[in-house]
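Please take a moment to look over the sequence and the model before reading on.

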Amino acid sequence: MTLFTHGGDTAAFEAAAAVRTAHHAVERLRSRGTDSRGLSSGALDVLVRLSAAPEDGMTLGVLARSAGVSARNVTGLVDTLERDGLVAREPDPTDRRSVLARITPTGQEWLDAFRRPSEVAMSAIFRGFTPADLTALRHLCLRLADNQRLIEQHLDRTATQDDQG
């Protein structure tokens, strides 16, 4: 890092590398639990969100926004979950242009079976962390994500202005 920064401050680069390393470690652990069950992290996220949704489900647009992904992405994830019988799609009775996705009883059973091994894995990977450590880590990660979102918005505005000017 020191060579890359020409002797400058390496703290932010080292922190970014540590975040990437931690992300990969958590993702490898998650994938050991879900890949054998055939679900990607995105599909798992959608299933968890639908488990907390109202009984009639949620529109794909609302689901996409809540997950922070594109409508196209969530449509593909719902397709996969529906194919596996974990999610069902139904027309929205209040808006014929919309489709509601809802978790099925099979999907809820899948989540229930996945919950305990996940709790054990999270307990193991965060062994030695205090509740205050976990809260601080969560807060710092969310700050990183928020900063990234703000940078992306700025870059999008700048690109739009460059295209117009």
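Accessible areas are calculated by the Shrake-Rupley method with a 1.4 Å probe. On that basis the accessible surface of this protein, which is a predicted model, comes to about 11600 Å², and 57% of that surface belongs to carbon and sulfur atoms. As for charge, the protein has 20 positive and 22 negative side chains, and the centres of these two sets lie 3 Å apart.

With the surface described, we can turn to the fold itself. The protein is built with six helices and three strands, and, if you follow the chain from the N terminus, these elements come in the order α-α-β-α-α-β-β-α-α. The radius of gyration of the protein is 20 Å, well over the 15 Å that the globule rule gives for 165 residues, so the protein is more spread out than a compact globule. Along its principal axes, the C-alpha trace spans about 60 × 55 × 25 Å. Of the 165 residues, 22% count as buried, and among the contacts between residues at least 6 apart in sequence, 46% join residues that are at least 24 apart.

Gly7 is found in the segment before helix H1, which covers residues 11-34. Because a residue counts as exposed when its relative accessible area is over 50%, Gly7, at 53% relative accessibility, counts as exposed. Between Gly7 and Leu155 there are 28 Å in space, C-alpha to C-alpha, and the two are 148 residues apart in sequence.

Ser98, on the other hand, has its place in the loop between strand S2 (87-91) and strand S3 (99-103). Is Ser98 buried or exposed? Its relative accessible area is 18%, and since buried means under 20%, Ser98 is buried. If residues up to four places away in sequence are not counted, Ser98 touches Thr59, Pro91 and Asp92.

Definitions and conventions. Residues are numbered from 1 along each chain as its sequence is written. This is a predicted model: local features need pLDDT of at least 70, side-chain atom pairs count only at pLDDT 80 or more; totals for chains, interfaces and linings use all residues. Side-chain values use heavy atoms; hydrogens and water are left out. Helices (H or I, at least four residues) and strands (E, at least two) are DSSP runs, numbered from the N terminus. The radius of gyration is taken over C-alpha atoms; the globule rule is 2.2 Å times the number of residues to the power 0.38. Buried means under 20% relative accessible area, exposed over 50%, partly exposed in between (1.4 Å probe, protein chains only). Contact means heavy atoms within 4.5 Å. Lys and Arg count as positive and Asp and Glu as negative; His and the chain ends are not counted. The place of a charge is taken as NZ of Lys, CZ of Arg, CG of Asp or CD of Glu.
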